[in-house]
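Let us read a model together, one feature at a time.

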Amino acid sequence: MILRNGKNDCENFHAENQYLFNIRTSNINKSNVSKFNIHKHTSMKNFAFFLLLFAAASFSSCKDNDDTDIKDNFSLTFRATYDGELLEKYKNYPYGDKVILFDKFNTYLSDIALVNGATEVKLSDIEWVNFTPDLAPNDKTVEVTYKYTVPDGNYTGIKLGYGVSPDLNAKSPADFPTDHPLYVESEYWSGWKSYIFTKVQGEVDLNGDGVTETNLFYHCGSDPVYNVATTNGNIAVAGTGSLVVEFDLKKLFTFNGQLLDLTVTTNQTTSHDASNIALGQMVMENFKNATVLK
Amino acid sequence: MSAGQHHALCGYSPNHQLNESPAYEIASLKLLKMKFLVYKAGIKPLIGIAMISAVVVLAQCKKDPPPAPLVCDLTDIPYSPTPYTIKKPDHFPQVPVPADNPMTAEGVELGRRLFYDPILSGDSTMSCSSCHLPQGSFTDNKAVSTGIDGIAGRRSSMSLLDIAYVTTRLFWDGRVKNLEEQALKPVEDPIELHTTWPEVVQKLKNHPDYPGYFRKAFGINSCEEITKELAAKAIAQFERILISSGMSKYDRFVKGEIDLEDEELRGKLMYFDEGAQFQLPDAQCFHCHGSVTLTGNNFFNNGLDSVGSFNDFVDKGLGEFTGNPSDNGKFRAPTLRNIAMSAPYMHDGRFQTLEEVMAQYNDNGTGFVNEDPFVQQIGFPVQGHYPGLTPSQTADIIAFLHTLTDTAFVNNPDVQNPFQ
């Protein structure tokens, strides 16, 4: 429900109509007295008729407004961070005793749902969250916000499928309409019959000269790396509601309290390479630990 | 008689303001006088009103400038647009079509004519097709294109094959968001068609045929309603039908109709990084030229130029449009379909052959920070270094690229010059 001046839309509508009604009545009384008297009987009947119509229109309008207002009442925002700070492309961040930077980060999320005990309210089958679009106005990563319709309630967490669920991953861009998140051709490996669930790209400075020089890319995909997890938090929806979900890349690269050792060559890249699917699995499974609710 | 009817009768512009006209004031006085006479004479009101109206009409028509004749009324031409279904191979994704420019047979036909007609250029010598010829897979096979004044541009004309699938901004530098916007640019570019849209629109209005084509495509009622936006919409509709035939050797292989030769198959496996089990390295091609249309529609620095800083790029590409230095040196990855027909290569046409292109990639980039990492990891690593592909592997990739040749597309009669 949208509130204006402390009243909801319906109340405002009634108030505005009453105001217009008063003006009309006033005008009739002031400038058309003689005519009003001559046709008093007829006019009163018409007047009552219009009044009834007006009331009916007002009530039906209120019903429509209620239906409209409850749609898209919940706002879910995704944000990329590094150590709690909004992620910026090409910015050097400390990584243990080294320096790291990122230039690409996007991810698919499946079966997004708010959780309330055993109850789930499904928000979306699939979304493609691109924090680093080509045409962003600057190097700051973008926040991506979706609107969903959610019933009032106190929810205890959000459930996210990290990647593309197997049923959807069995399809390809040709199976989807042009405005669907899975239509994005650049995120599909035709050779591997899988979407690229997550892309994280950057560089690390391994020789300690303060300039990043070693490529990092984590392009993770295929059914075995898909996983689902619920992150707990208090999410209240009363008329409207909102939630910010942050994915922190420092946490993504932290395993059991230790940063991933990027001096190890096999830790630097994974790109749909079946021989290194273990790294892809590690990264995707660690997404739940990198998820922070705000 | 309503004001609108009155305007039509006198041939006025609909914007003409009756109550600001001196004729209106005169007519109003006459109207008062007539009212008085009618009242006095006791003539029935209807007759009186008719007389008054006649006086008003006559007064206005007499006092105002002579009406301009209705220009180029097209309403006699039937307007019944035929929905156009874009033909595409079954294994291709749906073709995106904007809601405000639905495809019609009439729109496509008008667009085709405009695309091939030199009427769009300042001296009527060049058209869109001068730089986008079917036989070059809708390129001009030149390093950079030259406009009507003989001035060379700084970039190569991009292939228009499967251009409808490009939804992430167009041109090498992404400076326009869609085909409708793109079609407006070359006309006014001083080193391309070098004219102005008002001039072009005027020529189209005066043309014996185009007004009728615009009427059939967009339902306009008069020549005066021809606009550059409608012209661009028609051209965009035509460009959206420039879709692969699905008859290339590669497509027929994908559909299971034929086999590839061994070298082509090896090339395909390396292109898509499917060759690990056959001891074939990753050529990393598909990261930027992937999926069905063989372009991800994204922008990359593919390691062409060695620079010391973001500002050192001679052609800043995407950065020129976004103003963001870290976008400098990035260009849109074009489709590799029909790549053997669309030489020379790169945004500035610096490479004449596919062999030269592969030699560039086998050098594994420059290592600059915004360079795509995949151009630095081509081939099998040797002690942490990527030496690129071997000559035979390179030949295999090129053999595969030749399987993308789609002669059925370039010979498709629907996309040819209608004036020949």
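The dialogue below goes through an interface, a helix pair, salt bridges and backbone geometry in this predicted model.

Q: What area is buried between chain B and chain A?
A: Interface size is often given as the accessible area lost when the parts come together. Here chain B and chain A bury about 2700 Å². Carbon and sulfur atoms give 49% of that area. In chain B, the residues losing the most area to chain A are B:Q94, B:S291 and B:V369. Together they make up 19% of what that side buries.

Q: At what angle do helix α11 and helix α14 of chain B pack?
A: Two packed helices are described by the angle between their axes and the distance between the axes. For α11 (residues 262-271) and α14 (residues 391-402) of chain B, the angle is about 95 degrees and the axes are 7 Å apart. Angles of 65 to 115 degrees count as roughly perpendicular, so α11(B) and α14(B) are roughly perpendicular to each other.

Q: Which residues meet where α11(B) contacts α14(B)?
A: Among them are B:R266, B:M270 and B:Y271 in α11(B), and B:D396, B:I397 and B:F400 in α14(B). The contact has 6 nonpolar, 2 polar and 5 charged residues.

Q: How many salt bridges does the whole structure hold?
A: Side chains of opposite charge can pair when their charged atoms come close. The search finds 30 salt bridges over all chains. One pair is A:K250 with A:D83, at 3.7 Å from N to O. A:K250 is in helix α5 (residues 249-252) of chain A, and A:D83 is in the loop between β3 (74-82) and β4 (85-86). The two residues are 167 residues apart.

Q: Where is the cis peptide bond in chain B, and what is omega?
A: Most peptide bonds are trans. A cis bond joins B:A343 and B:P344, with omega about -5 degrees. B:P344 is in the loop between β2 (331-332) and α13 (354-362) of chain B.

Q: Is the phi of A:Y90 positive or negative?
A: Most residues other than glycine have a negative phi. A:Y90 is not a glycine, yet has a positive phi of about 60 degrees. A:Y90 is in the loop between β4 and β5 (93-95) of chain A.

How values were computed:
Residues numbered from 1 in each chain as written. Chains lettered and ligands numbered in written order. Predicted model: local features only at pLDDT ≥ 70, side-chain atom pairs only at ≥ 80, totals over all residues. Heavy atoms only, no water. Buried area = accessible area lost by both parts, 1.4 Å probe. Axes fitted to C-alpha atoms, helices over the stretch in contact; angles between N-to-C directions. Helix = DSSP H or I, 4+ residues; strand = E, 2+ residues; numbered from the N terminus. Parallel < 35°, antiparallel > 145°, perpendicular 65-115°, else oblique. Contact = heavy atoms within 4.5 Å. Nonpolar A, V, L, I, M, F, W, Y, C, P; charged D, E, K, R; others polar. Salt bridge = Lys/Arg side-chain N within 4 Å of Asp/Glu carboxyl O.
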